[in-house]
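Please read them beside the coordinates.

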Amino acid sequence: MPRNRILQFLVVALTALAPAACADQAPFAATPVDHRWADGALPEGATVFDDGYPGVRNLDPDLLHTLREAATDAAAEGVVFYVNSGWRSPERQNLLLRDAVRTYGSKEEAARWVATAKRSRHVVGDAVDLGRTDATSWLSEHGAAYGLCQIYRNEPWHYELRPENACPAMYDDPTQDPRMHQ
Ligand SMILES: [Zn+2]
């Protein structure tokens with residue numbers, strides 16, 4: 001092959017490869033140098049499949065695996081499991097608690113919505129807050145079959161894994177949960 005033909009071939013081959021390489025990275029906006037998400041904060045639109053974010057990646061592996069299984073089945077009905085909050089660093093949890101105390105006016109009222117870093121199931125990666133309404137209504141109907149359970153009546157978005165596939169009776173809010181008083 002003449003040299004210029006070889007060059008031409010290479011240019012065509014590389015151009016063909018370039019978009020594929022970009023497409024591979026597109027769904028994961030977060031990179032190891034992106035510190036915005038290091039404490040578990042998540043951007044609008046993150047889903048249970050977005051491993052690039054610590055808030056998703058640091059969830060308990062069984063919970064994450066089960067969420068993805070359910071999300072794959074729900075996708076067949078056009079439902080997407082967005083993650084509003086998953087794993088959180090203790091610092092982020094404390095920040096949220098301080099915000100809640102400010103919003104609700106007292107520690108007692110804030111405790112109905114946000115736990116301390118020591119007690120929150122989010123800090124250990126065992127809880128996920130899902131959106132949007134179609135995902136939470138899909139899960140309220142089908143979640144128990146996967147062991148994905150709503151735990152608190154006042155938080156229809158908060159799910160935890162109960163692998164025994166029997167969702168326990170819901171607490172009205174976290175203040176009734178014995179784990180919050182240990
Ligand atoms: Zn939660």
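1. Helices H3 (residues 61–75) and H6 (133–146) have axes that come within 11 Å and cross at roughly 120°, and the two are therefore oblique to each other. Angles under 35 degrees count as roughly parallel, over 145 as roughly antiparallel, 65 to 115 as roughly perpendicular and the rest as oblique. The axes are lines fitted to C-alpha atoms, for helices over the stretch in contact, with angles running from 0 to 180 degrees between N-to-C directions. The crossing of H3 and H6 is right-handed, a term used where the near helix is turned clockwise from the far one by less than a right angle. On the H3 side the contact is made by Thr 66, Glu 69, Ala 70 and Ala 74, and on the H6 side by Ala 135, Trp 138, Leu 139, His 142, Gly 143 and Tyr 146, where contact requires C-beta atoms, placed from the backbone, to lie within 7 Å. These residues divide into six nonpolar, three polar and one charged; Ala, Val, Leu, Ile, Met, Phe, Trp, Tyr, Cys and Pro count as nonpolar, Asp, Glu, Lys and Arg as charged, and the others, Gly among them, as polar.

2. On the basis of these notes: this is a predicted model, in which local features need pLDDT of at least 70 and side-chain atom pairs count only at pLDDT 80 or more, while totals for chains, interfaces and linings use all residues. Residues are numbered from 1 along each chain as its sequence is written.

3. The protein has six helices and four strands, in the order α-α-α-β-α-α-β-α-β-β from the N terminus on. Helices (H or I, at least four residues) and strands (E, at least two) are DSSP runs, numbered from the N terminus.

4. The four strands form an open sheet in the order S1-S2-S4-S3, with antiparallel pairing; two strands pair if DSSP finds at least two bridges between them. S1 and S3 (148–150) stand at the edges with a single partner strand each, so one side of each is left without a neighbour in the sheet. Neighbouring strands are turned by 45° against each other on average, direction ignored. H6 packs on this sheet, touching S1, S2, S3 and S4, and its direction makes about 125° with that of S3.

5. Three bridges join S1 (residues 82–85) to S2 (residues 127–131), and three join S2 to S4 (residues 158–161). Asp 129 of S2 is the bridge partner of Ser 85, and its partner in S4 is His 158.

6. Please check the peptide bond from Gly 131 to Arg 132, which is cis, with omega near -5°. Most peptide bonds are trans. Arg 132 lies in the loop between S2 and H6.

7. Where does Phe 81 lie? Its place is in the loop between H3 and S1, and Phe 81 is buried, with 24 other C-beta atoms within 10 Å, the cut-off for buried being 20 or more, for exposed 12 or fewer, and partly exposed in between. Leaving aside neighbours within four places in sequence, Phe 81 is in contact with Thr 47, Val 48, Leu 67, Ala 71, Ala 74, Leu 130 and Ala 135.

How values were computed:
Contact = placed C-beta atoms within 7 Å.
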